[in-house]
Amino acid sequence: MERLARLEASWAVSYEAIAASVALLWLVLGVLFLVLLQGFSVLEALYLTAQLVTTIGYGDVPVTPSMEGFLSVYMLGCIILVAFVLSRAVDACTKVSTSLLRSKMRAAEQRMGLASNDEDAMARFGHLNDLASGTLIFAFFLVAGCIFYASVERCTCGTRWDRIPGCQDGEQCKGTGGRILTIWSALYMSIVTLTTCGFGDRTPHTTAGIIFSLFWTIAGVGACANFVRACTMFFLRASHRRSYQLKERINTQLFKEMDVTKDGMLSRGEFLRYLLLKYELVDRQVLDEIGRQYDLLDPDGTDSVSFGAIQAMYAEQGVPQTPAADAGEGPRPQFFYDATAP
């Protein structure tokens, strides 16, 4: 069993490495196609690829009929494979940032006397801290994009695909009909981009803006997804703050439904199981799997197991009674693996 566990862990690592390698090759394939066969620059090819991966789809890059067939297949690969690998990486970075912010918040709450320790702070303010940290990270990317584009692209003449006729770059941009990007327009552009709406009416025009967007869009879209998750969890928790008291009368039919063992007696475990399922706090299959594990610990069905009985079961299965075994090394109890058996 220990060898099987090692093989599973090794396969998980290999799977991640293979997925990352294939995703990188897929990106390179798309960039080479756009550069060698469609006349794109490397930067333009990466810019279009970033739009495909994040599903922003500004629509500012023209697609010719010769590109449609390849991009149809390439787009699916970007969404399924590349986006998966990037989302895992962005999610890991977001979790680190979120955990750091939440730990700082818990420390502040303890200093202010709002909580006695970390566990108390998590119980009292965990959902608020999660929402606050997700909001702060998303706001950081919004503000970063807003300030950057309002500063770097205050007035532009467009890209090579949509150049404004007669417009001149530099100081004469505004007077020759260039695109003006105010701070509010930059904010609008940031929100539309990071939420992946991508209307296409506000897009990066300068080389610096396009380079910035390659990193900003991928990380920012991940931050937006984390923000949406935090908001969803916050409102779900709020909606679940209700009384879990059984308000219906226990009649004969309900008692039979609650009495899992059909012995005419209602135990604490059966009552707890019924309410957990009634309020959808846990999945029925999860409870059944946990129950099967306990049944293996309690083959006589006494509904209670002593530590001596568990030690005797370990001895019968050849599990060594050593500190190494207690630390999880060596053979593991057979019941741990048989629990999912029908």
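Helices here are DSSP runs of H or I with at least four residues, while strands are runs of E with at least two, both numbered from the N terminus. With that in hand, welcome to this predicted model.

**Annotated spans**

The unreviewed UniProt entry carries the annotation "transmembrane region" for residues 12–37, 71–90, 131–152 and 210–236. Two of these spans can be followed through the model. Residues 210–236 are 100% helix and 0% strand, with end C-alpha atoms 38 Å apart. The stretch 131–152 is likewise 100% helix and 0% strand, and its end C-alpha atoms are separated by 31 Å.

**Salt bridges**

The whole structure holds 6 salt bridges. Here are three of them, with the N to O distance for each pair.

| Glutamate 44 | Arginine 160 | 2.7 Å |

Let's take the pair of glutamate 44 and arginine 160, joined by a salt bridge. Glutamate 44 belongs to helix H2 (residues 42–54) and arginine 160 to the loop between strand S1 (155–156) and strand S2 (179–180), so this contact ties together parts 116 residues apart in sequence. Glutamate 44 has a relative accessible area of 13%, so it counts as buried, whereas arginine 160 is exposed at 52%.

Because aspartate 130 sits in helix H4 (residues 118–152) and arginine 229 in helix H6 (residues 207–239), the pair ties together parts that are 99 residues apart in sequence. Aspartate 130 is buried, at 3% relative accessibility, and arginine 229 is partly exposed, at 35%.

Glutamate 153 is buried, at 0% relative accessibility. Arginine 179 is buried as well, with a relative accessible area of 11%.

Is leucine 37 buried or exposed? Its relative accessible area is 62%, and anything over 50% counts as exposed, so leucine 37 is exposed.

Helix H9 (residues 284–297) contains 14 residues and spans 20 Å from its first C-alpha to its last, close to the 20 Å expected at 1.5 Å a residue. The N-terminal end of H9 is capped by aspartate 283, which places a side-chain oxygen 3.0 Å from the backbone nitrogen of glutamine 285.

Notes
Residues numbered from 1 in each chain as written. Predicted model: local features only at pLDDT ≥ 70, side-chain atom pairs only at ≥ 80, totals over all residues. Heavy atoms only, no water. Buried < 20%, exposed > 50% of the residue type's maximum accessible area, 1.4 Å probe, protein only. Expected span 1.5 Å × (residues − 1). Polar contact = N/O pair within 3.5 Å; in protein donor to acceptor, adjacent residues only side chain to side chain. UniProt positions renumbered as here; feature names shortened; annotations may be inferred. Salt bridge = Lys/Arg side-chain N within 4 Å of Asp/Glu carboxyl O.
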